[in-house]
Amino acid sequence: VQFDVVVKKVEEPKLPEVDAEFAKSLGIADSDVTKMREEVKGNLEREVKRRIQAKSKERVMNVLIETNPIEVPKALVDQESQQLSENAKKDFEARGMQTKDLPIDAGWFTEQAARRVKLGLIMSELVKRKELHATPEQIRATIEDFAASYEDPSEVVSWYYSQPQRLAQAEALVIEDNVVEWVVSNAKTTDKATSFDDLMGNAAQFPRRERRLNESNDTPVFSK
């Protein structure tokens, strides 16, 4: 098959000037370029920190599973599989999809559910033995860190503190971080240099739950 192609225009990307107009287009009200640079730097530093924590957490969780082989009740796995399937449906619905006739089998999540149940039991025992419970100060710091990237952080903080369920989600995240910190501090570790591009390019591989304080459908829309 042959085609005749007529090229009408050739273009190349052109980076905009980093000036007041550019800062304003990014939502900087007073068009302050210095303020814009500080905000971009702060956001990048927070994101790098989260990506590194996510990679460390994934490795720690794998180690906990490998070094603590346990059998878990099938009933717990089935229950967790069902919950994961319900979460998947809610996620599709939040994206505007109709799930009434969408077959989502809980059995698809059995392996993931078994892992989550095992980790839950192992971490629960570790938290109890080593007293790794979350403190109010840690929970507050975690929520404030998450809220910092939004236009009105105080609004986001108030939203999390308005319901016990949301605070419980932040608490669970803090406990996971405490477990990771304890394992890393008591294990032989080796630092490995990673380029910025490699770190930021692997975002899709990180578990979604790692840094999301809330997975429910009642999450409001905050301005960033």
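## Val 179 and its contacts

Leaving aside residues up to four places away in sequence, Val 179 touches Leu 64, Met 123, Leu 126, Val 127 and Leu 132 (contact: heavy atoms within 4.5 Å). The structure is a predicted model, in which local features need pLDDT of at least 70, side-chain atom pairs count only at pLDDT 80 or more, and totals for chains, interfaces and linings use all residues. Residues are numbered from 1 along each chain as its sequence is written, and side-chain values use heavy atoms, with hydrogens and water left out.

## Nonpolar cores

Val 179 and Leu 64 have the most contacts inside the largest nonpolar core, which has 25 residues. Such a core is a set of buried Ala, Val, Leu, Ile, Met, Phe, Trp, Tyr and Cys residues joined through side-chain atoms within 4.5 Å (buried: under 20% relative accessible area, 1.4 Å probe, protein chains only). Helices α2, α4, α5 (136-147), α6 (153-161) and α7 each supply at least two residues of this core (helices: DSSP runs of H or I, at least four residues, numbered from the N terminus). Helix α7 gives the most, six residues.

A second, separate core has nine residues, including Val 77, Phe 109, Ala 113 and Val 117.

## Packing of α2 and α7

Helix α2 (residues 33-67) packs on helix α7 (residues 164-185) at about 75 degrees, with the axes 10 Å apart (axes: lines fitted to C-alpha atoms over the stretch in contact; angles: 0 to 180 degrees between N-to-C directions). The two are therefore roughly perpendicular (65 to 115 degrees).

## Confidence

The mean pLDDT (the predictor's confidence in each residue, from 0 to 100) of the protein chain is 85. pLDDT stays under 50 over residues 202-224. Where pLDDT is low, the predicted coordinates should not be read in detail.

Terms used: Parallel < 35°, antiparallel > 145°, perpendicular 65-115°, else oblique. Buried < 20%, exposed > 50% of the residue type's maximum accessible area, 1.4 Å probe, protein only.
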